Amino acid sequence: MRFSNIVILLYVSICSLKANTQNYEPIKSDLRITKGDNKDLADKLELKLNTLFNKTMREQQIPGAAIIIVKDGKVLLKKGYGFTKLGEGIRHVDPDSTIFRIGSVSKSLTALSLLQQIDKNKINLHDNVNTHLTSFKIKDTYKTSITPFHLLTHSAGFDELKGRRVFDEENLIPLGIFLKDNLKRIRESGEVTAYSTYGIALSGLLVENVSGFSLENYMNEHIWKPLKMNMTSITISKKASPNVALGYELHNNINIPQPWEWYHTFPASSINSTVTDMGKYMMMLLNKGSFENQRILSENLTNKMLTQQAGLHPETDGFTFGLYKRKWNGISSVNHGGDMLGYSSFMSLVPEQSLGVFVVHHHEGTKLRHQAIQTVIDEIVGKSREEKLTAVEEKINEFAGKYIWLSNCQTCSAINTQKSWTLKANDDYTISGFNRKFYKTGPLVFKSTDGKRTMTFKKDKLGNIKYMSLGNVNVFQKL
């Protein structure tokens with residue numbers, strides 16, 4: 001990092017000492033609070049969200065946050081909390097104009113770009129991607145070819161190599177050059193779903209190679225402009241830079257400004273947006289691919305973005321095209337989260353309720369985003385419904401053992417030295433692991449005793465347990 005940048009960061013961090021004591025309550029103006037037609041529901045949600053955001057932001061010293069809720073094709077509620085930056089020049093978060101980094105939620109927009117190529121018949125869903133790649137060709141390490149279907153469902157079989165991030169734009173490696181040297185196949189495509197940065201990054205390169213545009217220019221012309229997402233970009237312009245919320249992490253009870261992360265694999269992580277813009281994106285998805293009478297994606301492929309396309313087992317949530325399934329209070333939803341240095345975000349769509357929620361705030365990896373969505377779900381959907389299941393009393397020793405997460409780099413170190421999670425078989429026919437107990441409910445299926453998690457398994461060709469899933473991104477391999 002340049003010396004000048006260090007001086008700036010030190011100055012802002014000193015200023016933040018005083019600003020940390022500021023009140024997080026949002027200014028009540030039309031700029032920062034918008035309510036839709038259903039005012040009674042919006043009022044109830046605002047009251048509950050105010051309590052949650054103000055309490056949590058004070059306790060965890062989160063500088064700023066924003067949320068938008070869309071329902072039945074309209075904005076139900078959008079609101080900003082706290083500040084975009086601390087110290088001198090402090091500004092309140094505005095849901096219409098404050099730009100946050102959305103991290104891996106970017107993956108869904110890259111997936112949408114690739115699906116548009118399929119809509120235009122420029123690519124077939126099950127083509128060998130080498131047919132369309134012009135930057136380089138993927139090595140035929142395995143018999144099965146890699147297809148757009150594999151890229152969109154995180155099942156291409158790439159290793160999650162490290163070294164994707166730099167802190168100076170001048171050190172960025174062009175996408176095609178970086179992927180040519182860093183795409184490492186470690187399993188057959190289609191064998192298992194494993195959350196993959198590299199698969200989605202290759203999707204972005206495929207869009208560039210087929211369309212002839214840079215991915216950012218393509219998204220701008222074919223997604224952001226039609227959706228009127230005027231504050232969304234990968235590259236921050238000089239005009240937009242004053243609206244960017246500076247990233248913060250808490251160290252020793254002080255909010256420290258964070259450097260800007262640049263990624264060689266930018267299609268997977270590098271979009272910046274406002275909650276208002278993300279609300280338009282959600283409304284399009286919930287409206288079968290149309291927004292204000294403009295067709296963004298065919299109804300057929302939009303439906304595939306909202307329904308499961310691949311997973312370890314039918315009983316566990318898996319991946320749609322570009323998003324992943326999970327249940328809130330027993331109701332099915334499609335989601336994506338994002339984490340960047342200084343920022344956390346989460347998007348959740350509940351098609352059954354024509355409901356979408358997007359939350360973003362400072363501090364990477366924090367849970368306020370999930371708590372906010374849970375608050376909305378509790379109010380609109382209702383509390384969790386209990387599921388009555390019958391336990392199966394069978395020997396379960398074959399499931400016990402150590403497991404590693406498939407989305408860690410598998411070849412960066414010896415596999416037996418990597419971080420692992422242990423499942424223990426108990427005498428009462430239950431399995432203990434991940435701070436829960438699970439009981440068997442059917443072949444290769446377990447449910448947690450608290451009713452919140454489902455665990456499923458997959459065997460290899462010899463009949464031995466090879467993979468385990470807790471749903472969507474949480475897929476593991478047995479050692």
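1. The secondary structure of the protein comprises 10 helices and 24 strands, where helices (H or I, at least four residues) and strands (E, at least two) are DSSP runs numbered from the N terminus. The radius of gyration is 23 Å, close to the 23 Å that the globule rule gives for 479 residues, so the protein is as compact as a globular protein of that length. That radius is taken over C-alpha atoms, and the rule is 2.2 Å times the number of residues to the power 0.38.

2. This is a predicted model: local features need pLDDT of at least 70, side-chain atom pairs count only at pLDDT 80 or more, and totals for chains, interfaces and linings use all residues. Residues are numbered from 1 along each chain as its sequence is written, and side-chain values use heavy atoms, with hydrogens and water left out.

3. V445 stands opposite T456 in β22.

4. In helix α5 (residues 175–182), the buried residues are L175, G176, F178, L179 and N182. They cover an arc of only 165° around the axis, which puts them on the same side of α5; the arc is that of the directions from the helix axis to the C-beta atoms. K180 and D181, on the other side, are exposed. Buried means under 20% relative accessible area, exposed over 50%, and partly exposed in between (1.4 Å probe, protein chains only).

Terms used:
Two strands pair if DSSP finds at least two bridges between them.
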